[in-house]
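Me: I have a chain open on my screen and want to get my bearings. Can we go through it together?

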Amino acid sequence: MTDDIGRISLTLPSEMIGRLDGIVDDWEYDSRSEAVRDSLRDFFGTYEWETGGDGPFHGTIVVVHDHHVDGLADDLQTIQHEMADVITSVQHIHLSQDTCMETLVVTGPGSEITDLANRLRALSGVQQVKAIVVDEQH
């Protein structure tokens, strides 16, 4: 091991060890340690975003909505224009005759990304909003 890598010991229930080993094999990690490091990078990024870290943060917000709700398309577009400093790209996908999905690529402070996700959740006809945000430092 190099000087910039430390060693820790984890105590886990046997079922968690079995699940971890299965994921290590399935996702072809080199070791348990690499899988845990990968998980911790995600954990640290989520922590920074959710506790108001400065960022900048990058990610996507996925919005699933009912295509037939009157005025929803206009409301979505209005919010997207108002938040153009955070949104870098939008993709619209037709999932079915009634349901659409929009994927918004975002970059900016965590508080602005959270505000955007919350504004989208509040719209009538929006069925689901998922935000995936990463911190470029990890």
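Reply: What follows is a short walk through the sheet, the helices and some side-chain pairs. Keep in mind that this is a predicted model.

Me: OK. In what order do the strands of the sheet come?

Reply: The order is β2-β3-β1-β4, four strands in an open sheet with antiparallel pairing. At the edges sit β2, residues 87-94, and β4, residues 126-135, each of which pairs on one side only. From one strand to the next the twist averages 15 degrees.

Me: And β1 with β4, how many bridges?

Reply: Nine bridges, in the antiparallel sense; β1 covers residues 57-66. To find the pairing on screen, look for V64, which stands opposite Q128 in β4.

Me: Which strands does helix α2 touch?

Reply: Helix α2, residues 32-50, packs on the sheet and touches β1 and β4. Its direction makes about 110 degrees with that of β4.

Me: What about α4, which strands does that one lie across?

Reply: Helix α4, residues 110-121, lies across β1, β2, β3 and β4. It runs at about 0 degrees to β1.

Me: Changing topic. How many salt bridges are there?

Reply: The count comes to five. One of them joins the side chains of R32 and D21, with N and O 2.6 Å apart. R32 belongs to helix α2 and D21 to helix α1, residues 14-26, so this pair links distant parts of the chain, 11 residues apart.

Me: Is R32 buried, exposed or partly exposed, and which is D21?

Reply: R32 is partly exposed, at 42% relative accessible area. D21 counts as partly exposed too, at 26%.

Me: Which helices does the E82 and R119 pair tie together?

Reply: First the contact itself: the side chains of E82 and R119 meet in a salt bridge of 2.4 Å, N to O. E82 lies in helix α3, residues 72-82, and R119 in helix α4, so the bridge ties together parts that are 37 residues apart in sequence. E82 is partly exposed at 47% relative accessibility, and R119 is partly exposed at 28%.

Me: Which residues get joined into a network by salt bridges?

Reply: E34, R37, D38 and R41, through salt bridges that share partners. Within that group, R41 forms a salt bridge with E34, and their closest N and O atoms are 3.3 Å apart. R41 has a relative accessible area of 33%, so it is partly exposed. E34 is partly exposed as well, with 25%.

Me: Now rings. How many aromatic pairs?

Reply: Two aromatic pairs. W27 and Y29 make a tilted one, 6.4 Å from centre to centre with 45 degrees between the planes.

Me: Why does F43 count as exposed?

Reply: Because its relative accessibility is 53%, and exposed means over 50%. F44, at 38%, is partly exposed.

Me: Good, that covers my list.

Terms used. Residues numbered from 1 in each chain as written. Predicted model: local features only at pLDDT ≥ 70, side-chain atom pairs only at ≥ 80, totals over all residues. Heavy atoms only, no water. Pairing = 2+ DSSP bridges. Helix = DSSP H or I, 4+ residues; strand = E, 2+ residues; numbered from the N terminus. Axes fitted to C-alpha atoms, helices over the stretch in contact; angles between N-to-C directions. Contact = heavy atoms within 4.5 Å. Salt bridge = Lys/Arg side-chain N within 4 Å of Asp/Glu carboxyl O. Buried < 20%, exposed > 50% of the residue type's maximum accessible area, 1.4 Å probe, protein only. Phe/Tyr/Trp six-rings, centres within 6.5 Å; stacked < 30°, edge-to-face > 60°.
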